[in-house]
Amino acid sequence: ECHLSDSQKSVLYYSYSYGLKEDLGLTMVAVAMAESDLGNYLISLQDPSSGVWHLTVDKAVDRLGWSHTPFNYNRAAQKLIDDIEFAASIALETLVWWRDYHNGDWRKTVGSYNGGFKGNPKYVKKIVANVHTIRKCGWLENLEN
């Protein structure tokens, strides 16, 4: 349960360090675990979403200032997969927006990351469980000290 591949470790460390500037490092890691198994599964056709944090493709198209066409959706999905910094910037920006909207309430922030204004209590439970796993496995001990 605590074993990570080298590529998963890379995503874990990147997620944590990227989120630290907003005090959301642990949250970014927990979301990456829930959304992509720390980078193992980068595409969801049901949303559609892609990247480590499974951001919806329409959000990436908006961020890029592109028109909403099927070709641009494909381009944006690929960019979310290929450009981890681009994907991380949208994920963190989204978390910060929801944190501000919910006046710092972490559970509501996380629930809205996945469920929008309705929230998603099941998703919150999954993220809380991921935080427990991260701590139990000691994956960030060297980085947090």
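I began with the contact between two helices, where Val11, Leu12, Ser15, Tyr16, Tyr18, Gly19 and Leu20 in H1 meet Gly25, Leu26, Met28, Val29 and Ala32 in H2, contact meaning heavy atoms within 4.5 Å. By class, this contact has 9 nonpolar, 3 polar and no charged residues; Ala, Val, Leu, Ile, Met, Phe, Trp, Tyr, Cys and Pro count as nonpolar, Asp, Glu, Lys and Arg as charged, and the others, Gly among them, as polar.

I note that this is a predicted model, in which local features need pLDDT of at least 70 and side-chain atom pairs count only at pLDDT 80 or more, while totals for chains, interfaces and linings use all residues. Residues are numbered from 1 along each chain as its sequence is written, and side-chain values use heavy atoms, with hydrogens and water left out.

Next I looked up how the two helices pack, and found an angle of about 140 degrees between H1 and H2, with their axes 6 Å apart; axes are lines fitted to C-alpha atoms, for helices over the stretch in contact, and angles run from 0 to 180 degrees between N-to-C directions. H1 and H2 are therefore oblique to each other, since angles under 35 degrees count as roughly parallel, over 145 as roughly antiparallel, 65 to 115 as roughly perpendicular and the rest as oblique.

I then turned to the loop between helix H1 (6–20) and helix H2 (25–36), where I found Asp23; helices (H or I, at least four residues) and strands (E, at least two) are DSSP runs, numbered from the N terminus. Phi of Asp23 is near 60 degrees, a positive value in a residue other than glycine, and at 67% relative accessibility Asp23 counts as exposed (buried means under 20% relative accessible area, exposed over 50%, partly exposed in between, with a 1.4 Å probe and protein chains only).

Leu38, in the loop between H2 and S1, also has a positive phi, near 55 degrees, but Leu38 is buried, with a relative accessible area of 2%.

For the strands, I saw 3 of them forming an open sheet in the order S1-S2-S3, with antiparallel pairing; two strands pair if DSSP finds at least two bridges between them. Strand S1 (43–44) and strand S3 (55–56) stand at the edges with a single partner strand each, so one side of each is left without a neighbour in the sheet. Strand S2 (residues 49–50) is joined to S3 by 2 bridges, and Ser50 stands opposite Leu55 in S3.

Last, I checked Pro48 in the loop between S1 and S2, where the peptide bond from Asp47 to Pro48 is cis, with omega near -10 degrees.
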